[in-house]
Amino acid sequence: MNAATENLVLEMLRGIRGDMADMRAVQKEQSVRLAEIAAGLGGLRRDSALDAEVSAHLATRVDRAFDEIDRIKRRLDLTD
């Protein structure tokens with residue numbers, strides 16, 4: 001190969017190396033963003049689970065209240 005061809009190949013390889021460095025930087029940024037999304041999703045799942053737990057507790061309390069109302073009605077002979 002002559003000098004011009006070698007310089008052209010080296011120039012192209014430098015360009016490819018620069019492009020790869022840019023791609024690595026973008027990939028690192030996307031990895032950070034993906035980790036943030038995963039953490040946010042985990043928080044949403046935790047919040048959803050806590051909401052379901054609160055809902056279950058409230059449903060239990062409402063059921064107990066209805067049972068007590070029924071018992072009071074029976075004691076006062078207000079049932080049909």
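Select Asp63, Asp67, Glu68 and Asp70: they form a patch of negative charge on the surface. Such a patch takes residues with over 30% relative accessible area and no salt bridge, with like charges joined within 9 Å. A salt bridge means a side-chain nitrogen of Lys or Arg within 4 Å of a carboxyl oxygen of Asp or Glu. Asp and Glu count as negative, Lys and Arg as positive; His and the chain ends are not counted. Each charge is placed at NZ of Lys, CZ of Arg, CG of Asp or CD of Glu.

This is a predicted model: local features need pLDDT of at least 70, side-chain atom pairs need 80 or more, and totals for chains, interfaces and linings use all residues. Residues are numbered from 1 along each chain, and side-chain values use heavy atoms, without hydrogens and water.

Is Asp63 buried or partly exposed? It is partly exposed, at 47% relative accessible area (buried is under 20%, exposed over 50%, partly exposed in between, with a 1.4 Å probe and protein chains only).

Next, go to Asp77, in the segment after helix 1. Its phi is positive, about 55°, although Asp77 is not a glycine. Most residues other than glycine have a negative phi. Asp77 is exposed, at 67% relative accessibility.

Finally, show the whole chain. Its C-alpha atoms fill a box of roughly 110 × 15 × 10 Å along the principal axes. Of its 80 residues, 1% count as buried.

Technical notes. Patches are made of residues with over 30% relative accessible area and no salt bridge: like charges are joined within 9 Å, nonpolar side chains (Val, Leu, Ile, Met, Phe, Trp, Tyr) within 5 Å. Accessible areas come from the Shrake-Rupley method with a 1.4 Å probe; for residues, only the protein chains shown count as cover. Helices (H or I, at least four residues) and strands (E, at least two) are DSSP runs, numbered from the N terminus.
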